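Please give me a short report on this protein model. I would like the overall fold, the core, the aromatic contacts and the strand pairing.

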Amino acid sequence: QQSSPSNSPDATAIQRVIESQIEAFQRDDAAMAYGYASPAIQRIFPNPAIFMQMVRSGFLPVYRPQSFEFQELVLIDGEIVQQVLFVGPDGQPVMALYSMQLQEGSRWRINGVRLITLPGETAGRTTGLV
C-alpha cells in the first residue's frame with residue numbers, strides 16, 4: 001500500500017537527516033553517520049565501526065555517490081519513506097527507499113534503507129537493511 005502523505009511538514013527535516021548522513025559517509029565520520037540511525041538499527045549494528053562496515057559492503061551507492069537527488073516522500077504501509085535517486089560510483093542509478101522514524105524530541109532517524117535497481121539494470125537486484 002503506497003500513497004503520498006497528505007501533509008508532509010517534516011519533509012525538509014527528513015531530507016536534512018539523510019543528507020547529513022551522506023555527508024558523514026563522505027567524510028568517513030562513522031560516529032556521526034551512526035548517530036542518524038534509529039535505535040533499532042543501532043541495536044542490530046552495536047557500534048559505529050560495524051555499522052560503517054555494513055554500509056561500505058552493501059550500500060556503496062549511498063556510501064560513495066556520484067550524485068543524489070531527493071524524490072517523493074511517500075507513505076508505504078503506514079511508514080514514511082523518502083525516495084532518493086542515487087548515481088553510484090560505477091555510474092549506475094539506483095533508487096534508495098529510506099524508512100524514517102520519528103523519535104522523542106521530534107527528531108527523525110533512519111530506520112532502514114532498501115536499494116532498488118532501476119529498470120534497465122540487472123533485474124531483481126535489491127539490497128535491504130532491516
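Of the 130 residues of the protein, 40% count as buried. Buried means under 20% relative accessible area, exposed means over 50%, and partly exposed lies in between (1.4 Å probe, protein chains only). The model is predicted: local features need pLDDT of at least 70 and side-chain atom pairs pLDDT 80 or more, while totals for chains, interfaces and linings use all residues. Residues are numbered from 1 along each chain as its sequence is written, and side-chain values use heavy atoms, without hydrogens and water.

The accessible surface comes to about 6900 Å². Carbon and sulfur atoms hold 49% of that surface. These areas come from the Shrake-Rupley method with a 1.4 Å probe; for residues, only the protein chains shown count as cover.

**Fold**

The protein has five helices and six strands. Along the sequence they follow β-α-α-α-α-α-β-β-β-β-β. Helices (H or I, at least four residues) and strands (E, at least two) are DSSP runs, numbered from the N terminus. Contact means heavy atoms within 4.5 Å. Among contacts between residues at least 6 apart in sequence, 46% join residues at least 24 apart.

**Core**

The largest nonpolar core has 31 residues. Such a core is a set of buried Ala, Val, Leu, Ile, Met, Phe, Trp, Tyr and Cys residues joined through side-chain atoms within 4.5 Å. Ile18, Phe25, Phe51, Phe86, Tyr98, Met100 and Ile110 have the most contacts inside it. Elements giving two or more residues include helix H1 (11–26), strand E3 (79–87), strand E4 (93–103) and strand E5 (107–117). H1 gives the largest share, seven residues. Phe86 touches residues including Ile22, Pro61, Val62, Phe68 and Tyr98, not counting residues up to four places away in sequence.

**Aromatic contacts**

The whole structure holds six aromatic pairs. Rings of Phe, Tyr and Trp (its six-membered ring) pair if their centres lie within 6.5 Å; planes under 30 degrees apart count as stacked, over 60 as edge-to-face and the rest as tilted. Two edge-to-face pairs are listed here.

| Pair | Centre to centre | Angle between planes |
|---|---|---|
| Tyr34 and Phe51 | 5.6 Å | 65° |
| Phe45 and Phe51 | 6.4 Å | 70° |

Tyr34 lies in helix H2 (residues 30–35) and Phe51 in helix H4 (residues 48–58), so their pair ties together parts 17 residues apart in sequence. Tyr34 and Phe51 are both buried. Phe45 is buried as well. Ring pairs link Phe25, Tyr34, Phe45, Phe51 and Tyr63 into a cluster. Arg64 lies over the face of Tyr63, at 4.0 Å from the ring centre. A charge sits over a ring if NZ of Lys or CZ of Arg is within 6 Å of the ring centre and within 35 degrees of the ring normal.

**Strand pairing**

Two strands pair if DSSP finds at least two bridges between them. Strand E2 (residues 67–76) runs antiparallel to E3, joined by eight bridges. Leu73 has Gln82 in E3 as its bridge partner. Gln82 also stands opposite Tyr98 in E4. E2 and E3 form a hairpin with two residues between them, and Asp77 in the turn has a positive phi of about 50°. E3 and E4 pair antiparallel over eight bridges. Their hairpin has five residues between the strands, and Gly91 takes a positive phi near 85°.

**Gln103**

Is Gln103 buried or exposed? Gln103 is buried, because its relative accessible area is 17%. Gln103 lies in strand E4. It touches Ser38, Pro39 and Arg109, not counting residues up to four places away in sequence.
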